Structures are given as structure tokens and as C-alpha cells.
Amino acid sequence: MPPAALEAFSAVLDAAGIIDGTAPEAGRYLHDWTGDYLGTALAVLRPRSVEEVQALVRICAEHRVPIVPQGGNTGLVAGATAGGPPSVVVVSLERLNRIREIDAANFTLRADAGAVLQTLKDAAESEDMLFPLALGAQGSCQIGGNVATNAGGINVLRYGMMRDLVLGLEAVMPDGSLWEGMTGLRKDNRGYDLKQLLIGSEGSLSIVTGVEVKLFPRPANLETAYLGVSSFADAMALSGMARSVCSDLLTAFEVIGSECIAFAALSNPETRVPLEGEWPVHVLMELGCSSAIDGRALLEALLGEAFEAGLLGDGTIAQSRAHARAFWAIREDLVEGQAKRGRHVRTDLSVRLSDVARMIEAARSYVLSSWPGWEPIAYGHAGDGNIHFNVMPPLALSTGEIREQGRDLLDGLYGIVRGFGGSFSAEHGVGRSRRAVYWQWLTPEQQKAVSAIKAVFDPLGIMNPGCLVVSD
Ligand SMILES: Cc1cc2nc3c(=O)[nH]c(=O)nc-3n(C[C@H](O)[C@H](O)[C@H](O)COP(=O)(O)OP(=O)(O)OC[C@H]3O[C@@H](n4cnc5c(N)ncnc54)[C@H](O)[C@@H]3O)c2cc1C
């Protein structure tokens, strides 16, 4: 890094605000949650205010120092870690973390981008409102990171992804200027909607510093059921029935292939599946409503209808919030358990709802017939057509072999999903790990448009180079 840049950073930040990239304390900013990606950096910068972010970005622009914005570092596609010889500064938003305002009359909340998602949810709840974004990493990921990745999670079915939840943004542009777009307006049709371009841009266009989100009435009644069904096809038929019977009250519809339970148990040996007998596919569903509606009666009516139709094998309705939390813990633990098992092939696929079961079947047949010793598992947000179809390698393989063979296996899986007209990235984004496939799937016209947008916003190419856009 040019010594002048280092000197200028030090003049902006306090002593705790700058960490040398080779110092041991930099370590936690330089590897991702999975441990699969190791990054490098000249320094980690930790601004405390929007003005400090602006000053840092101006220095980076002047000295052409590339920036990797970082939130909670829970992303799964290597967007917040850059490998290779150290050339970037990581700008961590973790100290820019205030809840700025809750406006109960407007059902809105404004926060600094570094506010942790759970903190934001708790703040909304303290005012008897709901911020519905919910995902396994919510205790660590930041609202700015959620914006940058257009995060999804378990409640997309009813409330949508971040794109649907953001009302306004504040962002520092690559020349250090501030784009202020937090108006609180729910309808505003004045020309281009810049915030929508920044949502999902994974730090490649700006550093998000402030976020204004929609809040919702907090459902007084939450009804949660853990169900056993015979197949993914039955699970998807049940999903359709649940939407018809429960209408917009349905908040979550998750599927878990029974082979995933071993991974939940790996993370939490106390795991107990609340079903009688063995069922190939488990369903975790939840509906939420005000106290004026009898959610339990609605859920029981749905399960009765599903049983009559032969779609439902067995099931348990949670009798308390603690009981429901135990159901959800199975879903969360199975993700942690896979990380514990070690490096594996991880996907985040989406297809149309009507193709989910067939896609899983095709992917499973492909792995079982072409990749002896590899174990497929499938789970995910089936109500949104989003399946994590992951494949565990044989234990004897080295990390290098898993990486190499995994790449070929993944190509095959992506080919299947493409055949269904689906997406290789339903909610995790593109980052560095999926950049090549992203680019491959774009038409030349789309590539041109993406490159042009990048060039207009970031003409110096200093924003998260190597992430999302192929420009080198
Ligand atoms: C256990 C687990 C479960 C998960 N479940 C889900 C899930 O259900 N749904 C889902 O969508 N994702 C899920 N994820 C992925 C991840 O949590 C989300 O992508 C999350 O939104 C990332 O937020 P973060 O703050 O950790 O961002 P980071 O990982 O720090 O960064 C992610 C990307 O955003 C950019 N970025 C971060 N902050 C900013 C900012 N302020 N301004 C500009 N760019 C920024 C980074 O440069 C990077 O490209 C899960 C991850 C884990 C570990």
C-alpha cells in the first residue's frame, strides 16, 4: 500500500480502527464462515461513522487502493474475502452499528449498516413489531450485508427478500460522495430506483452505510408443525395445499430430506425428530396471525385435509414457543453439522415450484450414478422453490481432491438446474466463488449491461474487484 495512503487512513481512524493485514487480529476478517476461502488484505479498516467511511473511500480512490466491504462475514460465496497477494483493504462496518430510529406510526426502522440482524429484530420486537428477515446467521450477519446480498431466509414466502423489505438506503459511492435515499416513502415513482441496483450488488458498486426497512405487525399467534411425508413430490403438493388453505398467513415452508438429520445430530447430539417412524422427507411449516384469528384451527384443518389426501404421514404441532424453537433448531443444526463434517459441495438452487421434486430427483440420480461414494443431501426453502442440494465427499479424499472433483460434480448439477430453467444462486449471491458460472450464464447483451453499470458507478474499479463482475 502506498505509505501516503496508510498515513491518511491513520489520520482518519482511531488506533483500534486500523489492523495490519498480517497481524493475528486480522485473521477473523480474512477467512469466511465455511473456512473454505482464505483472504488477504493490506489492512482491515473499522470506521465508526459515515463521515469516516467517506474519508476512507476518498483516500482509496486517490491512491487506487481496492476496497472489500465486509459485514458479519457470514456470506457463503467469498464476496467479503479476496485471495491472492495482499492488495485490498477490508472495510468492516462492525463499529457502525446503531439503531437510528424506530418510527412506529410509519412501521419503519432506520439503522446503521453494521447493525447485526438479530439486534434489529430485537429492536423491532421491543416495539411490538416484526422485522421478518430470518436466517441461521442472524446473530452475526449485518443489515448492510443483508442488503448487499439481497438475503432471503425462511420467511420469504410471506414477506419477500431484502429487495422487498428495504424502503431506503444510504451509501458511500466509490468517489466518497454520499447517496442519501432514506425517505420513508412506500410509493415513489420518480425515475430509476437506484436502491434496487445497490441491493444485491455485493459491495461492487458502493458501501452501504444506512438502511431503512419496513416493519410489520408482530403476529401474536405463531403455529409451527413438524411433519413427515413420503416424498418431495408429496411435500410440494402439501406446500400448494398449505398456501391455498392458509393463504398469506403461511410464513415458512421448509423441507428436510431425512438424510440431513445425521448432520443436525453431528452439531447437536440431543437432536430428536418429533415424528413416529421413519419418513423420507420432513416438512417444517409455520403460520402467523393476529390473536383475532384461530391459527391453530386453520393449521389443524390443513393437516386434516392433507391426511385425507394421502399427502401426510405423521406430524406434531408445537405446543409452546420452546417446542417450536426445538423444531427450528433441527433446521439450523443441520447446516452447522455440514460445516463440521468438512469441505463439501454446496449449492443454493432454485427452480419453479412445479419442478422442485423433479429437480431433486434428477440431481440425486446424477450423483448416485456418476459419483460413487459421494452422498447427496437436500433441504431448503421449498415454498420458494429454493433447495440446497449439497453433496458430501468420501471421507478419504483430500481437500485438493474434493475441490477439484467437486468442481466437476457442480458443473453437472448446474447443468441439471439449467435444464429446468432454474438459477444456480437463489439467495446467496455470486461473490467470487460463482462469478465464472454467473458470467457463463449471461448472454453477451447481459454481460455488456452489467459491465456498463459497473463502469458508470465504479470507473476506477476499486469496489470489491473480483466479486460478481468479470472485468479483469
Ligand atoms: C449458518 C448460515 C445460514 C445462512 N442462511 C441464509 C439464508 O437462509 N438466506 C440467505 O440469503 N443467506 C443465508 N446465509 C448467507 C449469509 O448469512 C447472508 O448472505 C448474509 O446476508 C450476509 O451478511 P453479512 O453481513 O455476513 O455479509 P458479509 O458476508 O460480510 O458480506 C457479503 C457480501 O456483501 C458485501 N457487503 C457486506 N456489507 C456491506 C456493506 N455495508 N456495503 C456494501 N457491501 C457489503 C460484501 O462485500 C460481500 O460481497 C447463511 C449463512 C450462514 C453462515
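Trainee: At what angle do the axes of α9 and helix α13 cross, and how far apart are they?
Mentor: The axes cross at roughly 160° and come within 8 Å of each other. Helix α13 covers residues 356–370. Keep in mind that this is a predicted model.

Trainee: What does that make α9 and α13 to each other, roughly parallel or roughly antiparallel?
Mentor: Roughly antiparallel, because angles over 145 degrees count that way.

Trainee: Is their crossing left-handed or right-handed?
Mentor: α9 and α13 cross in the right-handed sense.

Trainee: Which residues make the contact?
Mentor: Phe232, Ala233 and Met236 come from α9. From α13 there are Val356, Ala357 and Ile360.

Trainee: How do the residues of the contact of α9 with α13 divide by class?
Mentor: Six are nonpolar, and there are no polar and no charged ones.

Trainee: And α9 with α11, what is the angle there?
Mentor: Roughly 140°, with the axes coming within 10 Å. Here α9 is residues 232–246 and α11 is residues 295–308. That angle makes α9 oblique to α11. The crossing is right-handed.

Trainee: Which residues of α9 and α11 make that contact?
Mentor: α9 gives Leu238, Met241, Ala242, Val245 and Cys246. α11 gives Leu298, Ala301, Leu302, Glu305 and Ala306. By class, nine of these residues are nonpolar, none is polar and one is charged.

Trainee: New topic. What domains does the chain have?
Mentor: The domain assignment gives domain 1 (3–92), domain 2 (99–217), domain 3 (221–340) and domain 4 (342–419).

Trainee: What distance separates the centres of domain 1 and domain 3?
Mentor: 41 Å, with the centres taken over C-alpha atoms.

Trainee: Now the ligand. How many residues surround it, and which are the closest?
Mentor: The ligand is surrounded by 37 residues, and the closest are Gly71, Gly79, Gly144, Gly145 and Gly203.

Trainee: Which elements give two or more residues to that shell?
Mentor: They are β3 (67–70), α5 (143–149) and β10 (207–214). The largest share, five residues, comes from α5.

Trainee: What is the shell around the ligand like by class?
Mentor: It has 16 nonpolar, 19 polar and two charged residues.

Trainee: Where does the ligand lie relative to domain 1 and domain 2?
Mentor: Between them, because domain 1 (3–92) and domain 2 (99–217) both give residues to the shell.

Trainee: Last one, back to helices. At what angle do α1 and α3 pack?
Mentor: About 175°, with the axes 10 Å apart. Helix α1 is residues 3–12 and helix α3 is residues 50–63. That makes α1 roughly antiparallel to α3.

Trainee: Which residues of α1 and α3 make the contact?
Mentor: On α1, Ala4, Ala5, Ala8, Phe9 and Val12. On α3, Glu52, Ala55, Leu56, Ile59 and His63. The residues of this α1 and α3 contact divide into eight nonpolar, one polar and one charged.

Terms used. Residues are numbered from 1 along each chain as its sequence is written. This is a predicted model: local features need pLDDT of at least 70, side-chain atom pairs count only at pLDDT 80 or more; totals for chains, interfaces and linings use all residues. A residue is near a molecule or strand if its C-beta atom, placed from the backbone, lies within 6 Å of it. Helices (H or I, at least four residues) and strands (E, at least two) are DSSP runs, numbered from the N terminus. Ala, Val, Leu, Ile, Met, Phe, Trp, Tyr, Cys and Pro count as nonpolar, Asp, Glu, Lys and Arg as charged, and the others, Gly among them, as polar. Domain bounds come from an automatic or database domain assignment. Axes are lines fitted to C-alpha atoms, for helices over the stretch in contact, and angles run from 0 to 180 degrees between N-to-C directions. Angles under 35 degrees count as roughly parallel, over 145 as roughly antiparallel, 65 to 115 as roughly perpendicular and the rest as oblique. A crossing is left-handed if the near helix is turned anticlockwise from the far one by less than a right angle, and right-handed if clockwise. Two residues are in contact if their C-beta atoms, placed from the backbone, lie within 7 Å.
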